[in-house]
Amino acid sequence: MSFAKKIMKIDLPQIAGVAAFFCILPFFLPRTLSIQVLFYGLLALAFDIMYGYGHLLSFGHALLFGAGAYGAAISFNFLTGNPIASISVGIAFAVVIAALIGPIALRKRDPYFSLVLMAFNVFFYQLFVAPLAPWTGSDMGLTITKIESFGILNFSNKTFLYYTMILLSIVLMILTKLFMKSRFGALLVATSESERKVESLGYSSFRVKYYSLLFSAFLSGISGALFATFLGYSGIDFVSPTFNIMIVFIALIGGSGTFLGPFIGSFIYLALSYSLTVVLGWHSSVYLDGIIGLVIIIVMLRFRGGLYRYLYKVVKDVYVSEPIR
Amino acid sequence: MSEVLKISNLSFSYGEAQVLFSINISVGELATGIVGRNGAGKTTLLKTIAGLEKPSSGKILLEGGDITNMPPWDIAKLGISYVPQDKGVFSSLTAYEHLLMAANAKLGKDQTRKDEEIQRAMEYFPGLRKVKDSRASNLSGGERQMLNIAMALFGSTRLLMLDEPTEGLAPALTRTFGEVLKDKEREIPMMLVEQNVPLLRDVCERVYVLEEGRIVHEDASKDEVRNGGFARFL
Amino acid sequence: MELGYLLQQTMFGISIGLTFSMISIGFSITFGLSRIINLAHGAFYALGAYFIFSAMMVFNNYAFSLLIAVAGVGLISFFVERVIVRGLYGKDIDLSLITTFSILLVASTLIRVVWGLDPKSISPPAFLNVQISTGSFVFPAYYIFLAACSAAIFIIVWIIINKTMLGRIIKAGSEDKERVETLGINMGRVFTINYIFGSMLAALGGGLMAPLMSIEPSMGSRIVLLCFAVVVVGGMGSIFGTMLAGIIIGLSISYVTILSPPMAEATAFLVMAIFLLLRPKGLLGTG
């Protein structure tokens, strides 16, 4: 496919628009919050690859995100201050976990997929809280004590770092778009409709799902690693099982199966959470869970499964326009 | 000839795809046949009457009473018995337990009547008595069919709906089945979805041909049916 | 390590295992019959424990408090079923996963708001709060009580499922709900009865386990994953399978507690993972 066609396929203007949005955002919201919107958006995007495309509801993306964050943080503190190396460790951690859990989780579809991932999420959460506490800081989280600057990753200037992160995110978004619009993305959608059809075309539906999960883990892991690197901190909430429902919320409220949806959802979720903190004080996080839960229940019941039909149609439009060669 | 079931302008859509288009059918006191190619909408029609699907428009009247949007269990309690195409039996229950369940559902608390009707079912189908304690998963196709018919006949059945009852049955069994139908047809109004032309010609007083969700032909009397006009469409 | 301690842990494992089985029955049947994953099941378990805690503060009578807890949860589960869960039947299973997870979340938030974050505890009734000794082997009488209660409930459920009309309807409905409806049976009512009964068993489990562990807000989400593990290991559609699975998981947890208490619960997931890899149908699964 010619270069020009490839550019059109991945819709660069859309990515540019998103990047521009995040460039402007720090003028309205605190910088830390802005970067959080960005990375939660990428995380929700990663989640939505499995859910919006593959119809596999993951209750384990908090684990993958947290693995990236903790992997990077632990590497910084115990291995090397080199950001490239440590971020890579974070990514590797997330991908390896997905690689090991994948075969177990993908044995059957939902609800087994969802609950197996949730079980492993809880497993690792317990691991981080208790036995691995000396390395992870348990529920106090882990503060990164040394980061060396490396080329454009200049940690002495937070503003510069912020825009560097946006640049990196653009690369990630391009990669994700390439994936979503590729034959692979179409195959993933196809497995959600009929695994038999996919097999009859000569592909292994397990491999399609598995590699998609690995890509999703990569995207989640790098988001977590970059976020922790920016914050200088990795918290136990990243890996908390209830974080998963927030990810689901973000993906759904913004519009599952779309590219912009996760970012819209991330903005809505964090804006909501931030305003709640402003209004109710620091204990508001307790109420936030419950409020999000209530909103989800109401949204789910109102759409009465029509939400999935709506999402499915959207995804179908996206994928049908890219016929499998 | 009075009308047992009257279907007026019945339409049904599955999501965005319309399956039934303004169907008009009248079922009399004897047997009414519904024929058509696969996918014409015959099973959907029966399911909609049985209350398993909600029509998008139209009316279904049972002896004058509107049953259009009733839940399936109320429709069953009114006397419409539906025997589906897949000859649904429950593999984890014995044949006898099936009869107990059906009797209990249709006859409520009247224990004497329930026992009587179960006994009567087993007399009418001696084959059932033999296998009454076998798990339904171990029954042959013919035995399952007997079980389904027996279950359908508890209580006062005002309409018996059968979806391809002889499908997959050995020819001898089909003949037996035909005899059972002719025997019962005088007592119980029936709606019969079938591919078996001789059976339909023998038993039905009326046959409708359904094609892609529409009625395209009607043989409205026993003579017309015997001439087999409907068979052209298969 | 002495034999006495090992035996005690074995008893403990069997007791809590049987209780896990009892708690999991509702979850399993709801999955098989109503075809939804009811993560709110964990909320009813947690509320059972919290209700008995509060009731004990007022009445100081264990049996009565247990009754109140179970009845209270039964009532709540009725409303949850009517208002929320009803809208989930027949829909995509993801809908039930997300919605019931949210119910669980709302419940744990309410718990945190009403009872606070710090763990609560209650003691077993005085006459059970004793050690029984046979020879050199000593163990708490409460383990026997727990095992006996759970086993008894289990037997009752087995009888209901296999010897009553309701049980027949549940078995048949788990296979082909529509067929049962066309026989004249109101499955909506059966779904509701099943949901309430299952939730009450979860609350009962919560109340019975309360004296043995710390009552804290996250207990709901933890138990529901254990229920899932029981379903995976035992298989769908078999009461006996559920019981065996519960005991296996109970024993794994109690043995691992000897080595590393914090990771004990996580062991259940390892057992679950092994079964998913080697025997996805479960021990005695029919589905």
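Guide: To begin with a term: two residues are in contact if their C-beta atoms, placed from the backbone, lie within 7 Å. In chain A, 73% of the contacts with a separation of 6 or more are between residues 24 or more positions apart. This is a predicted model, in which local features need pLDDT of at least 70, side-chain atom pairs count only at pLDDT 80 or more, and totals for chains, interfaces and linings use all residues. Residues are numbered from 1 along each chain as its sequence is written, and chains are lettered from A and ligands numbered from 1 in the order in which they are written.

Visitor: What ipTM and pTM does the predictor give the complex?
Guide: The ipTM is 0.91 and the pTM is 0.90. For chain C, the mean pLDDT (the predictor's confidence in each residue, from 0 to 100) is 91, and 99% of its residues reach 70 or more.

Visitor: How many helices and strands are there in chain C?
Guide: Chain C has 11 helices and 2 strands; helices (H or I, at least four residues) and strands (E, at least two) are DSSP runs, numbered from the N terminus. The order along the sequence is α-α-α-α-β-β-α-α-α-α-α-α-α. The radius of gyration of chain C is 19 Å, close to the 19 Å from the globule rule for 287 residues, so chain C is as compact as a globular protein of that length. That radius is taken over C-alpha atoms, and the rule is 2.2 Å times the number of residues to the power 0.38.

Visitor: What does the C-alpha trace of chain C span along its principal axes?
Guide: The spans are about 60 × 45 × 35 Å.

Visitor: How many residues of chain B are in contact with chain C?
Guide: 20 residues of chain B are in contact with 15 of chain C. Helix 3 of chain B gives the most to its side, with 6 residues. Chain A and chain B do not touch, and their nearest C-alpha atoms are 10 Å apart.

Visitor: Which residues touch the most other members of the largest nonpolar core?
Guide: Met161(B) and Ala229(C) do, in a core of 274 residues. A nonpolar core is a set of buried Ala, Val, Leu, Ile, Met, Phe, Trp, Tyr and Cys residues joined through C-beta atoms within 7 Å. Helix 3 (residues 31–53) of chain A gives the most to this core, with 15 residues.

Visitor: What is Met161(B) in contact with?
Guide: Leaving aside neighbours within four places in sequence, the contacts of Met161(B) include Leu46(B), Ile49(B), Tyr82(B) and Met191(B).

Technical notes:
Buried ≥ 20, exposed ≤ 12 C-beta atoms within 10 Å, placed from the backbone.
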